[in-house]
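Trainee: Please show me the structure, and let us go through it by question and answer.

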Amino acid sequence: MPHSIDESFLALPLRTLADAALARARALGAEHADFRFERVRSAAWRLRDARLAGSSDTTDLGYAVRVVHGGSWGFASGVDLTPDAAAAVADRAVAMAKLSAEVITAAGSDERVELADEPVHADRTWVSSYETDPFDVSDTEKRELLAEWSSRLLAADGVAHADASLLTVRENKFYADTAGTTTTQQRVRLHPQLTAVAVDPESGEFDSMRTIAPPVGRGWEYLTGTGWDWDAELDRLPSLLAEKMRAPSVEAGAYDLVVDPSNLWLTIHESIGHATELDRALGYEAAYAGTSFATFDRLGELRYGSELMNVTGDRTAEHGLSTVGYDDEGVAGQSWDLVRDGVLVGYQLDRRIAKLTGFERSNGCAYADSPGHVPVQRMANVSLRPAPDGPSTEEMISGVERGIYVVGDRSWSIDMQRYNFQFTGQRFFRIENGRLAGQLRDVAYQATTTDFWGSMTAVGGPQTYVLGGAFNCGKAQPGQVAAVSHGCPSALFRGVNILNTTQEAGR
């Protein structure tokens, strides 16, 4: 059944504080003002060899006022839950905007902050899709499940150690602005992960392999049978790790690649997700992930990849980590095209960047990770669409004479233009004459973004589609962290350059 907003959050003086802050901002002449109240509860557990190694349970609670005054941004936050305190926060936000205006004028700039229009969304409520709130499950039950799974791994031949972790978040937000939008939202997400470690006692050589189950916008049911077959994955992991320990090192060269969604999501994140953030493409943002080769003047013209490449930005995907009802500027969640038939046709926008670049409306990509941070343009669920009648993973493998099947993400490297990259993975299987022929080690695939996506010659069908993602995408100064999903099918890439990572490390 659909959930409702937590009553303890609704019992807070949300509207009283918002009314006081927004009224004060209006009285001081703000062209725009918004108020955001957040309560973010985060809990984590970490087990080493089935024993608890650490845990945490924290709550971040407070509110923020953001204004446009005199054509400049102002922002301030607070934790005192009284109307007078909220009005004082608005005072500080306006004072900051005035100071910013002076600095901008002194620097010789006449650029003014203007926001793209958005319909008013009054008294809207939205709750993410889940069955059981993980915070309704006892800590004991969580630890026992992780310990049981760890013990299963440790009991298998060849597994010397097992690590387990679980991250859970419940995020509540109330938003109101001077246009009349008011939204109240609740999101739940979690990330379980297990890693098996093998050690050769004679040589001292070791390696590891972890689960490929993605983090999700789901509840506790994700760990108890809905959305992932944990028994099957845990049963397979030890034998896969044992095979990996015996596997030969890859011979560098050009190979055809069949890339599983458990690996391809990260390539999408780094080479498409960050590259199509318009603030990066314009040079307004460079923290953590640099700017972008996909510059604004190339919109509608840049050949990003093959004609099979269709990529969407999406704030509405069920169970997506970046899925919302409304963003932190009061913009309704949407889905839109970023790449269509291999051509760049869109970007990710917030209201200011949308207005600045001539778009009629933001596509809802503003987000702040805490009440003490200002909203910035953040990544949507950026996903490669499957082919409606596309092949299965097995069918793609059957069409490869000499290649590699890539499963699971591991390390990566990409330049500050999101253009030159290399990625590794959890598991690599040699393909010979259309069949899997055992694992390989020390594999990394290397390409430029456009060459890699241009080499894509087959896109899997909906039956291969998986929504992957991460909890820890970083951006901005001061730094913020956001969770984001990336869906994709399996896909076939021809003639990709493969590096041997041990040889590269020795150079």
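Mentor: We take a helix pair, then aromatic rings.

Mentor: This is a predicted model, where local features need pLDDT of at least 70, side-chain atom pairs count only at pLDDT 80 or more, and totals for chains, interfaces and linings use all residues. Residues are numbered from 1 along each chain as its sequence is written, and side-chain values use heavy atoms, with hydrogens and water left out.

Trainee: Are H4 and H5 roughly parallel or roughly antiparallel to each other?

Mentor: Helix H4 covers residues 139-154 and helix H5 residues 230-246. Their axes, lines fitted to C-alpha atoms over the stretch in contact, lie 9 Å apart. The angle is about 30 degrees, and angles under 35 degrees count as roughly parallel, over 145 as roughly antiparallel, 65 to 115 as roughly perpendicular and the rest as oblique. H4 and H5 are therefore roughly parallel.

Trainee: Which kind of pair do Phe293 and Tyr419 form?

Mentor: Rings of Phe, Tyr and Trp (its six-membered ring) pair if their centres lie within 6.5 Å. Planes under 30 degrees apart count as stacked, over 60 as edge-to-face and the rest as tilted. Phe293 and Tyr419 are 5.1 Å apart centre to centre, with 50 degrees between the planes. The pair is tilted.

Trainee: Is Phe293 buried or exposed?

Mentor: Buried means under 20% relative accessible area, exposed over 50%, partly exposed in between (1.4 Å probe, protein chains only). Tyr419, at 28%, is partly exposed. Phe293 has 9% relative accessibility, so Phe293 is buried.

How values were computed: Axes are lines fitted to C-alpha atoms, for helices over the stretch in contact, and angles run from 0 to 180 degrees between N-to-C directions. Helices (H or I, at least four residues) and strands (E, at least two) are DSSP runs, numbered from the N terminus.
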